[in-house]
Amino acid sequence: MHFRLLSYNIHKGIGGVDRRYDLGRITATIRHYQPDVAFLQEVDSGVPRSRGHDQTELLAEATGLQHFTYQRNVRLRVGHYGNAILSRYPLEDPTHIDLTFRPKKRRGALLARWRVPVGKHSKTMTLVNLHIGLSGIERQWQLRRLFRISHFAELRNRVPLVIGGDFNDFWNSLGWRVMQPAGFEPAGPAVRTFPARLPLRPLDKVFFRGDLRPLHTYVGHTDVARQASDHLPLIVDFEFTRK
């Protein structure tokens, strides 16, 4: 069984160059890559700059990824924004983890169980979508805090688990510093996703553990994707290694 994961900081649907709000460009980008599950960051809900849209619900409807869950991270004067998971298959037990490193901006991780059909049966795995901080110490603290929570302690190492999102990993060091010592492997080599028009930094990452194997990892470079956000989408094709 194969599945495709897309991780994408959508920048509230505001273009990184033209600064124009157009959620249709985000929709077109997601639809182009046809993921089974999408990890989205900087998703608006009820904010004037994005016409008060509930972007999670609109994107779920427009992309056909009908199962979704949303995590509010940053509260604004009107509305808020945060992380969302959209999926082709059911999401269960969504859990919101606060990763705020005070006094810095609020950050969080969104966890959910994912039930994927495999023939006549199904596989259940854990998904973690996160957006962590801008300073190196902050990022390391946030990931280590995440790994200390009970959800991770209760999971056996063979249980499939994928962590992805905007790691703000400017120097590409979190893999060997934090993720690999915690038992996670990168889903392929680091690829540049930011800024979208001329990507220089590998800010967006996907890591995994358990009975999974990454088949292909690449960045979406369509003309629309280069305009839609200040990040490019990261796409990973996985397969289960055990039936």
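Student: How do you know that β3 and strand β4 pair, and in which sense?

Tutor: Two strands pair if DSSP finds at least two bridges between them. β3 and strand β4 (residues 80-87) have 8 bridges and pair in the antiparallel sense, with R75 opposite H80 in β4. Strands (E, at least two residues) and helices (H or I, at least four) are DSSP runs, numbered from the N terminus. The model is a predicted one, in which local features need pLDDT of at least 70, side-chain atom pairs count only at pLDDT 80 or more, and totals for chains, interfaces and linings use all residues. Residues are numbered from 1 along each chain as its sequence is written, and side-chain values use heavy atoms, with hydrogens and water left out.

Student: What makes β3 and β11 stand at the edges?

Tutor: The open sheet of 6 strands runs β3-β4-β2-β1-β12-β11, with mixed pairing. β3 (67-75) and β11 (212-219) each have a single partner strand, so one side of each is left without a neighbour in the sheet.

Student: Why is H231 called buried?

Tutor: Buried means under 20% relative accessible area, exposed over 50%, and partly exposed in between (1.4 Å probe, protein chains only). H231 has 3%, and is therefore buried.

Student: What makes the pairing of the side chains of H231 and D204 a polar contact?

Tutor: A polar contact is a pair of N or O atoms within 3.5 Å; within protein, one must be able to donate a hydrogen and the other to accept it, and residues adjacent in sequence count only if both atoms are side-chain atoms. The contact between these two side chains is at 2.8 Å, so the distance meets the limit.
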